[in-house]
Amino acid sequence: FAADVAAEELVVWVDPLDGTYEYSVGNLTAVTTLIGVSRGGTAFAGVAHQPFADPPQTLWGVVGLGTFAASERCAPHCIPDFGPPLAVATSQRKRHARVGLAVEALARRYPGLQETRVGGAGFKGLAVLLGTAHAGLTLDEKTKRWDTCAAE
């Protein structure tokens with residue numbers, strides 16, 4: 001990221017309470033605060049914070065710099081092992097037909113596929129960053145850029 005980038009080229013996406021449904025039902029671990037920065041439609045920096053985790057957890061990263069947990073560079077456990085079996089995080093509450101089709105196609109290609117259903121788009125992104133999932137499938141038309149930019 002160059003210091004000579006004009007402010008007009010940047011978009012900052014903020015989702016102060018991602019996982020509002022999860023918040024309303026008391027599933028506070030799945031609630032995140034997300035900040036993403038993009039340039040030309042491409043994400044290059046993000047912060048994902050779990051304010052209600054015990055203890056609260058913050059991950060942040062910048063393309064070309066790395067991914068960090070608080071002020072420490074993520075150890076290898078923070079980077080997913082892309083060996084089998086493939087693990088994907090999908091929506092906990094509702095399963096859109098497109099997600100079902102994608103999971104079925106992945107299961108044919110990757111026998112033993114593990115699907116974990118979790119709430120909140122930000123929490124799916126954290127699952128990938130923390131290595132508990134290889135991918136987060138969020139194929140809902142309600143998902144917006146502020147839901148995904150931080151984890152990208």
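The dialogue that follows goes from the whole chain to a sheet, a helix and the surface.

Reply: Please keep in mind that this is a predicted model.

Me: How many helices and strands does the protein chain have, and in what order do the elements run?

Reply: The protein chain has four helices and nine strands. Read from the N terminus, the order is β-α-β-β-β-β-β-β-α-β-α-β-α. Of the 152 residues, 34% count as buried. Among contacts between residues at least 6 apart in sequence, 55% join residues at least 24 apart.

Me: How should I read a sheet, and in what order do the strands of the open sheet stand?

Reply: The general idea is that strands of a sheet pair through backbone hydrogen bonds, in either the parallel or the antiparallel sense. In this model, three strands form an open sheet with the order β8-β7-β9, and the pairing is parallel. The edges are taken by β8 (114–118) and β9 (135–136); each has a single partner strand, so one side of each is left without a neighbour in the sheet.

Me: How many bridges join β7 to β8, and how many join β7 to β9?

Reply: β7 and β8 pair over five bridges, while β7 (residues 87–91) and β9 pair over two.

Me: Is β7 mostly covered or mostly exposed?

Reply: Mostly covered, since four of the five residues of β7 are buried.

Me: What packs on this sheet, and at what angle to β7?

Reply: Helix α3 packs on the sheet and touches β7, β8 and β9. The direction of α3 makes about 170° with that of β7.

Me: How should I read burial along a helix, and why is α3 described as largely enclosed?

Reply: As a general idea, an α-helix has 3.6 residues a turn, so residues three or four places apart point the same way. For α3 (residues 121–129), seven of the nine residues are buried, so this helix is largely enclosed by the rest of the structure. The buried residues are Ala121, Gly122, Lys124, Gly125, Leu126, Ala127 and Leu129. After α3 comes Gly131, whose phi is positive, near 85°.

Me: Let us turn to charged pairs. How many salt bridges are counted, and which side chains meet in them?

Reply: The count comes to two salt bridges. In one, the side chains of Glu9 and Arg39 meet at 2.8 Å, N to O. That pair links distant parts of the chain, 30 residues apart: Glu9 lies in the segment before β1 (10–18), and Arg39 in strand β2. Glu9 is partly exposed at 35% relative accessibility, and Arg39 is partly exposed at 37%. In the other, the side chains of Glu152 and Arg145 meet at 2.6 Å, N to O. Glu152 counts as exposed, because its relative accessibility is 57% and the cut-off for exposed is over 50%.

Me: Finally, how should I read the surface, and which residues make a nonpolar patch?

Reply: One may begin with the total: the protein chain exposes about 8,800 Å², and carbon and sulfur atoms supply 59% of this area. Val12, Val14 and Ile35 make a nonpolar patch of about 240 Å². Ile35 belongs to strand β2 (residues 32–39) and is partly exposed, with a relative accessible area of 34%.

Definitions and conventions. Residues are numbered from 1 along each chain as its sequence is written. This is a predicted model: local features need pLDDT of at least 70, side-chain atom pairs count only at pLDDT 80 or more; totals for chains, interfaces and linings use all residues. Side-chain values use heavy atoms; hydrogens and water are left out. Patches are made of residues with over 30% relative accessible area and no salt bridge: like charges are joined within 9 Å, nonpolar side chains (Val, Leu, Ile, Met, Phe, Trp, Tyr) within 5 Å. Accessible areas come from the Shrake-Rupley method with a 1.4 Å probe; for residues, only the protein chains shown count as cover. A salt bridge is a side-chain nitrogen of Lys or Arg within 4 Å of a carboxyl oxygen of Asp or Glu. Buried means under 20% relative accessible area, exposed over 50%, partly exposed in between (1.4 Å probe, protein chains only). Two strands pair if DSSP finds at least two bridges between them. Contact means heavy atoms within 4.5 Å. Axes are lines fitted to C-alpha atoms, for helices over the stretch in contact, and angles run from 0 to 180 degrees between N-to-C directions.
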